[in-house]
Amino acid sequence: MLQPFADYRNEDPAFVVGLVHPYLVEAWQKNRLKFRESLAIGYLAGALGKHGFESTSINAEMLSIGPEEVAERLLADERIQLIGISAKSQRTYRAARQIARLVKAVRPDVHITLGGVFPSAADEQILGDCREIDSIVRGEGEYAIVELAARISQGLPLDKMRGLSLRVNGEFVRTPDRPRIRDLDSLAFPARHDLKQMLAENTHGSTSAYLVASRGCYASCTFCSIHQIYGDHNVVRRSPESIADEMQSIKDNFGVNRFSFVDDLFIMPSPNGIRWVHDFCDLLTERKLEVNFYAEMRADTIEKSLVKRLMDVGMHRLFIGAESGVDSVLVRWDKGTTVEDNNRALRELREVGMAPHQINFGYIMFDPEMTFAELKEQYQWIRDSGYAKVQHLQNKMNIYWGTPQYQRMIDQGRVDSSALGDRWIYNFDDPKVDSFEPAFRRFHRRYEADPRAMAVLAAREAFLHRVQQDRSRTPMPRWLFECLSQAMRRVDQADRDCYFYVFERLFSVLEDSDVLSEQTENEIWAGLEPLLDSLAADARLLDVLCQSIEEIAQDDSADENPRPGNAWLTSTGEQLESVTVWLADGPEGVEGFRVGLGYQGDDRYDHSCEAVLLPAGADSAGITVRRNPGLPELLESAGLTKVCVGEDRA
């Protein structure tokens, strides 16, 4: 008979559990710049280890490896008798299914279980779709994976276990739900295999370790799938002491002091929730834990004095679930916030001194019921906010399984209603939006495949992996760090301007028509060519800057004898004003960047970085500036004025 859960210890060294976080190949460009832990399999491994089970973990997303290599690694360890795959989304399920089929073709004896948000909501459909998957763990997985391993190792019946969906004699069975874990402090700290590997590669010196402070969310947003795994709208919190203990453990064992809280809601707008934040801040101060951390919040939970307290103990970045800049859209999504809530949050963050690049948004640009007027206002708000990223402009609402939005779409017959149909493929109610979004998506695919955009991706990757997180040069001179940062912002701004240009042109054309011709789309693309060419040139120069970082040094004679690798600083008295970094010899002379030091700006990509050229044989007075054709110039050349609606926002 199975022992009480808390007392169970595995004694079978031949029983190993394989844990997998799949890689979504379709999102390779998005994931290429992400080098991150999987807390899901980290927590599972921690729980198994606490009860004496050996496990092996494969974070395929971090490793960028597909199902074939994952299966090969799993099959290489004959001791593996249980495989747990974390499938957080419907698209990730495809990779999980392929892994299961590849493994079962060789090892039909291995038990394969799936867990996560999507499997919890679509258990019957998944088991009907893939016979190689033996069970689904619904809800939180830490206690469940231990009990499942215990039952399999002891040969005990699985249909007596709570929170499991499986086949019994060929029939689908869903056992009673497992209760939520109310004492998060009782969980073992997650295993940090991913963090260890990231640090071993010695290219991610400022790596951020992931943390969970709470689970759950009280809100009822129609598009959110979080309640599929927790089953209610309650928020369960860890104690500040438990979090501080884990931070200290990571600092002691890995030398990492940067953390990212992945809670859906870091601040609860209740007396107990606010008191928890103050207790957390007091404890970090008391223990003198010098850390930096990131947290996620709703706009209506941001309050100036509370944010300031968090900043004082190390919060250096935050995420706001703004989602929309249109009140009618926020109402339709049951967001429970208003545009004024979003604007007020931004005002208060500016007042406490949080820079634009420290703030990120959740933002859904396209929604199936959106009108053309709403789309224009949605675009205008995020552009005027000063925080717009290319990712915001691309985001289309995903219809997650089992959400209120999912049910509404099914009831309206708007999406594929087959068992595991593609819910994110749908048409838009407004014919203008139904022309706009597919045309924009075609541009996006064309843009991503263009070698000039690929050069931007390579430069961004070099910046993140070779500079921002590189331990090899510490401390980096301030002027050099500013040059790198502003050069990256220059490239990002030009990259974003390409998307702004396409949005503005599409809006202009669709004002008078519901249809976009192929010729019109080609004309819009042709109008981008000057900016794309200049963007690629800047990206190439930024890549050279990142790759040659070790060779760059200050040289007071650089204005007289410029050559790649030297930097020329100008100052007034003791105040540094600018730096010119010479980077590459070209046919026309020496190329580089000139940066005004100390520049901040109001937009996340504002910069004072210029691409400069010193023609062969000229002295410093002969420096010429290569200016990017900016968005206003492109719009003017296309005969456009400001075409969008909405108020300008500070």
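This is a predicted model: local features need pLDDT of at least 70, side-chain atom pairs count only at pLDDT 80 or more; totals for chains, interfaces and linings use all residues.
Residues are numbered from 1 along each chain as its sequence is written, and side-chain values use heavy atoms, without hydrogens or water. Local features need pLDDT of at least 70 and side-chain atom pairs 80 or more, while totals for chains, interfaces and linings use all residues.

User: Which strands stand at the edges of the open sheet of five strands?
Analyst: The pairing in this sheet is parallel, in the order S8-S11-S12-S13-S14. Strands are DSSP runs of E of at least two residues, helices runs of H or I of at least four, both numbered from the N terminus. Two strands pair if DSSP finds at least two bridges between them. One side of each edge strand lacks a neighbour because each has a single partner: these are S8 (208-211) and S14 (359-363).

User: At about what angle does helix H15 run to S13?
Analyst: Helix H15 spans residues 339-351 and lies across S13 and S14. Angles run from 0 to 180 degrees between N-to-C directions, with axes fitted to C-alpha atoms, for helices over the stretch in contact (heavy atoms within 4.5 Å). For H15 against S13, the angle is about 165 degrees.

User: Which side chain makes a polar contact with the side chain of Lys104?
Analyst: Lys104 lies in helix H5 (residues 90-106) and is buried at 13% relative accessibility. A polar contact is a pair of N or O atoms within 3.5 Å; within protein, one must be able to donate a hydrogen and the other to accept it, and residues adjacent in sequence count only if both atoms are side-chain atoms. The Lys104 side chain also reaches the backbone oxygen of Val110 at 2.6 Å. Its side-chain partner, at 2.8 Å, is Asp134.

User: How far from Cys217 is the nearest cysteine sulfur?
Analyst: The structure holds zero disulfides (cysteine sulfur pairs within 2.5 Å). Cys217 is in no disulfide, and the nearest cysteine sulfur belongs to Cys224, at 6.4 Å.

Notes
Buried means under 20% relative accessible area, exposed over 50%, partly exposed in between (1.4 Å probe, protein chains only).
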